[in-house]
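Please open the model in your viewer and keep the selection tool at hand. The tour goes from one selection to the next.

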There are 2 protein chains.
Amino acid sequence: MLTQPILEGNRLALSRLLTQVENDSPEGRDALAELFPHTGKAHLIGVTGAPGTGKSSLVNQLTLHYRKEKNKKVAIIAVDPSSPFTGGAVLGDRVRMRDLSGDDGVFIRSMATRGSVGGLAQKTAAFVQVFDAAGYEIIIIETVGAGQSEVDIARLAHTTIVVEAPGLGDDIQAIKAGILEIADVLVVNKADRPGVENTERALRSTLELAHPTKRVVHHHGRMMKVDVTPSRSPERSEGAAKGLAHQAGDSSPSSTVQNDKDIWIPPIIKTISTEGIGIPELAKAIEEHKFHLHQSGDWSARDRARLRSELDAVLQEALMSRFLTGAHRDEYEEALEKVIRRDMSPYEAARILLNGKMK
Amino acid sequence: MLTQPILEGNRLALSRLLTQVENDSPEGRDALAELFPHTGKAHLIGVTGAPGTGKSSLVNQLTLHYRKEKNKKVAIIAVDPSSPFTGGAVLGDRVRMRDLSGDDGVFIRSMATRGSVGGLAQKTAAFVQVFDAAGYEIIIIETVGAGQSEVDIARLAHTTIVVEAPGLGDDIQAIKAGILEIADVLVVNKADRPGVENTERALRSTLELAHPTKRVVHHHGRMMKVDVTPSRSPERSEGAAKGLAHQAGDSSPSSTVQNDKDIWIPPIIKTISTEGIGIPELAKAIEEHKFHLHQSGDWSARDRARLRSELDAVLQEALMSRFLTGAHRDEYEEALEKVIRRDMSPYEAARILLNGKMK
């Protein structure tokens, strides 16, 4: 078995495999298939937030905490928008090395955001599998920004932490709203800065806006809580439905919205990451969320959703490449020319290509 | 023809169609097919940048300029990360309405970033087609942030404007590097703020890092410039190759790197958008870029790249849905269960599904 050194914790082999996976080499694919049965143990933690919130230093401090207090192996995947020519990713790693270097229980890997989004989320997922199989118990996926790609990557995680900081400009507010939906734990970092109360208050009121959507409704003659927040994906609905089914079979006669194991209200944790303040509290909130996930059945629902979207991505890519390598290549190019000449729309072209009635 | 009112400039019909397109309704698809032959005339301008740079007010001022000075019809597509429950998109529109309301030559439409990224870029592309067919000569696609999704949406545009502002926190630097690659025009907005010289200097040095990659090499016994900047997509390489072929046939005996029509060094424009300062200069830079695109052949190369990726997206989706609606649905669910039990990896599952050897 080629991947034995990975399973035994060989860092050089691990590093080499990550490069193969990043380059989508056949060796990388084979290794992933071999390693896959060894995955499914790690706690995947997503950390996201706008630039200037101090995410990286928060991730470093959290990692130090997991190392010193819990003796857990930690992998960090930094999804970095810096482009290769600036060496941004490398520089970022070097800065981190000061705190975390020489510790064999920590592995840091940056990933440039070059390439397609689908590809990025797919590669992040593959990295996660490698670290998971290699025995890293905590895998932190750090993303910069608050765009849709961050949301997609956050979907990979069991627990998503959204980091905010006081005084980051005027249209930050809008970002919060979008990103709040994916937050399991909220952090107000740089809590020694002026305006921290405002930031916390704004977060709290947005949370209140978000959570009245957890309504109490009657169903099958029995009181149930239904999460009517639009779910992040069909898979999430599946997860929610699963949770509800579980609850329906629950024998406990009454439960309040606050105490319901199926409902998680994201806590707000204040930190000063440069000084390590608030880090144990953050780790505790993450632990509580993990417990909640297991209790509610959401842990396996998220696992399932993640693997389904991975399978879909691979399958979609394979279908397209099979379609184009067949006799369809010429038809495809012909259809494209017609689209470019505005003789037909992309939709028509796709329909004709699939029905084989070109011309 | 159902879309006649759109072509005649009926705003209510336009608004209704955009909703149909957003919901991906059959009527919307039919209308898109009808409208498609009328597209290909608009100048698509992408505007992106981090939160707090004042993008929206810049877009408003630029729109006013196009209305007052050039008498051009302008459509704005605001890709907004605000979630539906906060009403962020609606609020944003209302603020804009103060400046631009009552002008029939302006149409503003927000689009929430909910849903998949692929879907988002696809829907933005469909919106662009509708506005293009409806006779909007300038279509501005505004995105918040600097993630991969913004890059994907920027790919739709002929001219991409990246907006920066002084003093936006410490890890802004990293974002600049990634996003600079997609910039055709750079704007330093809020140029009355302290630190504007630093921001401009940082941009200039990053640009210099990026542009030595335009090297002069010998090819076929003739001096040519080759753009060795990693291209954004295979299509861009195609475009570059096209540009070079064109140049090789050019009879002008000598040209410097600066004056070469195939090379565009992004200009840096300083603006104070709240006061309209720098807006005419920005409009001029955009016009020059348009001229460059036509001269170099990049206009049609970008058009081609955009339509190819639209066709690919539609085709990929259709292939997947055809695959799953066939007899493959059960096999797919069976394969997914095996993946979830870690009996096989997503890659193996996809391979087996495609080869039809699932037990």
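Predicted model: local features only at pLDDT ≥ 70, side-chain atom pairs only at ≥ 80, totals over all residues.

Residues are numbered from 1 along each chain as its sequence is written, and chains are lettered from A and ligands numbered from 1 in the order in which they are written.

**Chain A**

Select chain A, which has 14 helices and nine strands. Helices (H or I, at least four residues) and strands (E, at least two) are DSSP runs, numbered from the N terminus. Of the 359 residues of chain A, 46% count as buried. A residue is buried if 20 or more other C-beta atoms lie within 10 Å of its own, exposed if 12 or fewer, and partly exposed in between, with C-beta atoms placed from the backbone. Two residues are in contact if their C-beta atoms, placed from the backbone, lie within 7 Å. Among the contacts in chain A between residues at least 6 apart in sequence, 74% join residues at least 24 apart.

**The core**

Next, select Val130, Phe131 and Ile139 in both chain A and chain B; these residues have the most contacts inside the largest nonpolar core, which has 150 residues. A nonpolar core is a set of buried Ala, Val, Leu, Ile, Met, Phe, Trp, Tyr and Cys residues joined through C-beta atoms within 7 Å. Which residues does Ile139(A) touch, not counting residues up to four places away in sequence? Among them are Ala42(A), Leu44(A), Ile45(A), Ala75(A), Ile77(A) and Val128(A).

**Two H12 helices**

Now select residues 298-325 of chain A, helix H12, together with H12(B): the two pack at an angle of about 105°, with their axes 9 Å apart. Axes are lines fitted to C-alpha atoms, for helices over the stretch in contact, and angles run from 0 to 180 degrees between N-to-C directions. H12(A) and H12(B) are therefore roughly perpendicular to each other, a term for angles of 65 to 115 degrees.

Select Ala157(B) with Arg302(B): they are 145 residues apart in sequence and 8.0 Å apart in space, C-alpha to C-alpha.

Select Arg342(A), in the loop between H13 and H14 of chain A. Arg342(A) is not a glycine, yet has a positive phi of about 65°.

Move on to H14(A), where Pro346(A), Tyr347(A), Ala349(A), Ala350(A) and Leu353(A) are buried. Seen down the axis of H14(A), the buried residues fall within an arc of 165°, so they line one face of the helix; the arc is that of the directions from the helix axis to the C-beta atoms. Their cover includes helix H13 (328-340) of chain A, along with helix H3 (26-35) and helix H12 (298-325) of chain B.

Finish at Glu348(A), in helix H14 (residues 346-355) of chain A. Is Glu348(A) buried or partly exposed? Glu348(A) is partly exposed, with 18 other C-beta atoms within 10 Å.

Terms used. Parallel < 35°, antiparallel > 145°, perpendicular 65-115°, else oblique.
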